Amino acid sequence: MKPPLTLPSSWPLWLRLLAIHFGLWTLLCAVAGLTTYGDAAHHGDTRSYWQMTFGWWCGYAVMIVQSALLHLVYLRRPQWLVTTGRLVAGYALFVALCWPVAMLGLALRRCVKLDLAPTLPNAWHYWISMDKFEWFVVFVLLTMAYGAVVARLLWRAHRRHADELAQARLSLERQRLAALRGQLEPHFMFNTLSAISAMVRTDDKPLALDGLERLGDLLQYALTSSERDWVGMDEELAFVHHYLDLQGLRFGPRLRVRIDGAHLLDDGIECPPMLLQPLVENALRHDLECHEDDSDIAVTFARTADRLTIDVSNPISPHAAPQAGLGIGLRGIEARLRLAYGERASLVTARTDGRFVARLSLPWAAA
């Protein structure tokens, strides 16, 4: 969000800093004028609130310049802020140099107030005779100025470091996601071309040509979706339908897949691309490719509160691979879920009632 009041960027840095510190010290003087105005009026002082505030400002004018210079020095030399020892040394040097000058400025201001000539002898005489509490007040104000400047700069440095770290992590996560996508697409291509090669081996050229045409449609989605971080789950389901159409050319009427709850996707839930197809492919590989009967694959969408659950299941065949469900596609899904959702999404596989079930659980909203 843009701040309500900004200084012109064309101003030199020193002038912008001076304007900022002028505003902050003026606010402090306004508060000080408010606290003393009531007491002064009670003792017969007829000066207005604005006169008293201006008096405070004149007394602190030197410290306004000093705090602005401190800010400028630390901006030019940020390495002086990196260790506690340097901060302590900087504080000691700042107070040692600025406290006498600030006291002199305050004494000269009081000379004017008392109708004395603003000379060094008069200022010195007033300085050594003034209440020692004023000495302490100037010391406290300089300490506050130093602390405020350092705290502001350290906070900005911490935020900048956090932003840089977040950007580095984001870049790394994107690289990992790109690597996972690059891993997934050759895996998908290999399995799909294997299906088409099976058609070629049966010497069914029209079927193989139809398969190649459908493969082109699948690749178009795979390539376009790989450039996006999020796609609609309804698009993913449409991609699965096209994939099943292609597999239907190979397996014919043996391929039977039930899809329930697809109407829930009309609400527009989004997910990372190529998330659903590997689950269906895994079920198909461990069903149809393990026997000669019809398949019994079920895809079920369910919504519970603010979560979408997708179950993809197939019967467990005695001839199934010993680690069914642990292929490269499912490992890729688990990794991409962690990148996209953190701990808010999960993929769980289980054997239940003679079926292998892969359950994908996603938050309804991605953010």
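Arg359 counts as partly exposed, with a relative accessibility of 44%. Here, buried means under 20% relative accessible area, exposed means over 50%, and partly exposed is anything in between (1.4 Å probe, protein chains only). Before going on, note that this is a predicted model, where local features need pLDDT of at least 70 and side-chain atom pairs count only at pLDDT 80 or more, while totals for chains, interfaces and linings use all residues. Residues are numbered from 1 along each chain as its sequence is written, and side-chain values use heavy atoms, with hydrogens and water left out.

So what does Arg359 pair up with in a salt bridge? Its partner is Asp311, and the closest N and O atoms are 2.7 Å apart. A salt bridge is a side-chain nitrogen of Lys or Arg within 4 Å of a carboxyl oxygen of Asp or Glu. Side chains of opposite charge can pair when their charged atoms come close. By the salt-bridge rule, the count comes to five. Three of them are listed here:

| Pair | N to O distance |
|---|---|
| Arg359 and Asp311 | 2.7 Å |
| Arg258 and Asp296 | 2.7 Å |
| Arg355 and Asp296 | 2.8 Å |

Where do these partners sit along the chain? Helices (H or I, at least four residues) and strands (E, at least two) are DSSP runs, numbered from the N terminus. Arg359 is in strand β7 and Asp311 in strand β5 (residues 307-315), so this pair links parts of the chain 48 residues apart. Asp311 is buried, at 17% relative accessibility.

Now for Asp296, which sits in the loop between α8 and β4. Its partner Arg258 lies in strand β2 (residues 257-260), so the pair ties together parts that are 38 residues apart in sequence. Both residues are partly exposed: Arg258 has 42% relative accessibility and Asp296 has 29%. The other partner, Arg355, belongs to strand β7 (residues 355-363), 59 residues from Asp296. Arg355 is buried, with a relative accessible area of 18%. Through shared partners, the salt bridges join Arg258, Asp296 and Arg355 into one network.

Ser295 is in that loop too, between α8 (277-285) and β4 (297-304). Is Ser295 buried or exposed? Ser295 is buried, at 6% relative accessible area. A polar atom of its side chain lies 2.6 Å from the backbone nitrogen of Arg256. Leaving out residues up to four places away in sequence, Ser295 touches Arg254, Leu255, Arg256, Asp287 and Leu288, where contact means heavy atoms within 4.5 Å.

Next up is helix α7 (residues 233-251). At 1.5 Å a residue, its 19 residues should span 27 Å, and its end C-alpha atoms are 26 Å apart, which agrees. That expected span is 1.5 Å times one less than the number of residues. Among the buried residues of α7 are Met233, Phe239, Tyr243 and Phe251. Just after the helix, Gly252 takes a positive phi of about 65°.

Finally, an unreviewed UniProt entry annotates "transmembrane region" at residues 12-34, 54-75, 87-108 and 135-155; such annotations may be inferred rather than shown by experiment. In the model, residues 87-108 are 100% helix and 0% strand, with end C-alpha atoms 31 Å apart. Residues 135-155 are also 100% helix and 0% strand, and their end C-alpha atoms lie 30 Å apart.

How values were computed
Polar contact = N/O pair within 3.5 Å; in protein donor to acceptor, adjacent residues only side chain to side chain.
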